[in-house]
Amino acid sequence: KHHGGDGARGLRFAPVAPNTDDRVTVPEGYAQNLVISWGEPILRGAPDFDPERQSAKAQAGQFGYNNDFLSLLPLRGERCRQLLVANHEYTDEILMFRDYDDQRPTREQVEIAWAAHGLSVVVVEEEHRGGLRAVRRHQLNRRLTVTSEFRLSGPAAGSELVRTKADPHGTTVLGTLNNCSGGTTPWGTTLHGEENFNQYFANAEKVTDPDRAARLKRYGVVGGASERRWEEFDERFDLLKEPNEINRFGYVVELDPYDPGSTPRKRTALGRFKHEGAQPRLTRDGRPVVYLGDDEKFDYFYKFVSAKRMRHGGGRAAHAHNLTLLDEGTLYVAKLTGDSPAGSIDGSGKLPADGEFDGGGEWIPLATAGPEGAVSHVEGMSAEEVYVFTRFAADKAGATKMDRPEDIEPSPKTGKVYVALTNNTDRGKEGKAGPDEANPRNLNKHGQILELTEHRERPEATRFAWSLFLVAGDPEDPATYFAGFPKDRVSPISCPDNVAFDPHGNLWISTDGNALGTHDGLFGVATRGERRGELKQFLTMPKGAETCGPLVQDRHVLVSVQHPGEVDGATVDKPASQWPDGPGSYVRPSVVSVWRADGRGIGV
Ligand code: FEO
Ligand code: CA
Ligand code: CA
Ligand code: CA
């Protein structure tokens, strides 16, 4: 039984019931609108969206596909306006193009996909009735795509491992790929994690050099032709023709969205893996610390501690200094130890004898980058190798194999850090790692959220304590846990993926791949007080969509509706979803804003 509008401050709304409706459902008393959708023109000269007459040139001036991470930044001097930055993780060609032939894509289709990837910067404005709408042709609006210039920065920049025929200095990369989650820095930039870059590179199976083959395999690069066959149109995507191009993807990208002429940087000091969240916080002496997830079954989570202090004040010199903060510092990986007696973690997910999945952990340093160069802390690997093949360094360091670490976010109120572990259906399978106290379920379909407390509450600490805050699933399933809150009073949740905090300090969780038979959604939960663990569903997604990029401000909730209609066998002519434009239209990934119809704050 739910409590209607009861709840912790910020979470006083009637929870939305799980469902399979092909729409975004929000709580009673809340309204929603589309902020921006795939194909909407944002740059001067870009045409209106016309899916039957697409072109690469048009797409390069329009909002990209499959929006994921979102950031909203203040815009001074412009009333009711903010700056929205969005990731465009990947393209669903079969839902973008009528009669798409995946064996024979046309050059135009490939170039449209290049232009539909990347990042968008677009000014948004609050409308009279409360929604947010994109402002077309604002001078800050910007698109970055697979053909835009990016600079490699930090300790691996210029290394032999990242030099190519087109870029013998190893510093300038065209494009960013598969930008998934990210973060917003306190110095006014945004961070964007390059996730599944492996899928864009062809012919790994023909690579004969054993070291190269092993590296490709560890990063999930397999097979012959790539899924989208880009290698047929640009040979840098062919591993036989350009062995190092792939080493230039898999980084955290830093963008200065206030400077439309700036070149975004790939921050190699934060390592190379399938990057997700990158949400910084500051140490007491002002150095940024960034938590980093690597979204793969049995992979690790990391943190970067900068050697440099952030400078405050809006001046140019301070800003230029702050744009170097992520190039020097130490990269660590997490190793966790459970505190329950041996044998009490049996893979069923039932609570151990001491009543909690918890324990201690250490941050193991992998490499340190400084003004005079970088030093490796891993035997047998150079610093450059640690930064470019970070997964191997973490393997050697004995890090803890987690259940798909995605987004990680420190609470701005308590300093505790929340790690979303989406699922791991291979845990405990033959030949795979078995359960441990932080990843306690075999064949884990529903995922969990880990709460981490840095030693003496110092972000730069090298030790921490942890416990599982939430073990997801149907509350009626005994192998679920909601921070000890009564389970007859919470919403079911499966596959926690992205996390965010509201201004009250509540944790908001979006899901990807709900394994309970209903659609993905967005949830809020208190992390403190009597209602700690009271999880409530705030919205649900259309068919086939993943919930991404949640942002919870005082009066608006923003979500990315990513890959609506992405269901096996669906095409433009046989759509699985008709969201958002209705029958006969193409499905369109979109950003949705939600607000309270009476104009008051969210959940108060
Ligand atoms: Fe792009 Fe890990 O989700
Ligand atoms: Ca324990
Ligand atoms: Ca995701
Ligand atoms: Ca987040």
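The model is predicted, so local features need pLDDT of at least 70 and side-chain atom pairs count only at pLDDT 80 or more, while totals for chains, interfaces and linings use all residues. Residues are numbered from 1 along each chain as its sequence is written, and chains are lettered from A and ligands numbered from 1 in the order in which they are written.

**The whole chain.** Begin by selecting the protein chain, which has seven helices and 32 strands; helices (H or I, at least four residues) and strands (E, at least two) are DSSP runs, numbered from the N terminus. The radius of gyration, taken over C-alpha atoms, is 23 Å, close to the 25 Å from the globule rule for 604 residues, so the chain is as compact as a globular protein of that length; the rule is 2.2 Å times the number of residues to the power 0.38. Along its principal axes the C-alpha trace spans about 60 × 60 × 55 Å. Of the 604 residues, 54% count as buried, where buried means that 20 or more other C-beta atoms, placed from the backbone, lie within 10 Å of the residue's own.

**An open sheet.** Next, select the six strands that form an open sheet with mixed pairing, in the order β8-β7-β12-β11-β10-β9; two strands pair if DSSP finds at least two bridges between them. At the edges you will find β8 (172-174) and β9 (179-184), each of which pairs on one side only. Now show β7 (residues 149-153) together with β12 (residues 265-267), which pair in the parallel sense over three bridges, and look for L152, which stands opposite K266 in β12.

**The largest nonpolar core.** A nonpolar core is a set of buried Ala, Val, Leu, Ile, Met, Phe, Trp, Tyr and Cys residues joined through C-beta atoms within 7 Å. The largest one here has 153 residues, and those with the most contacts inside it are L270, L366 and V419. Centre the view on L366, whose contacts (C-beta atoms, placed from the backbone, within 7 Å), leaving aside neighbours within four places in sequence, include L331, Y332, V333, H377 and V378.

**An enclosed helix.** Finally, select helix α3 (residues 107-116), which is largely enclosed by the rest of the structure because eight of its 10 residues are buried. Among these buried residues are Q109, E111 and W114. Show α1 (56-59), β3 (81-88) and α2 (93-96) as well, against which the buried residues of α3 pack. Just after α3, stop at G118, which takes a positive phi of about 105°.

Notes. Buried ≥ 20, exposed ≤ 12 C-beta atoms within 10 Å, placed from the backbone. Contact = placed C-beta atoms within 7 Å.
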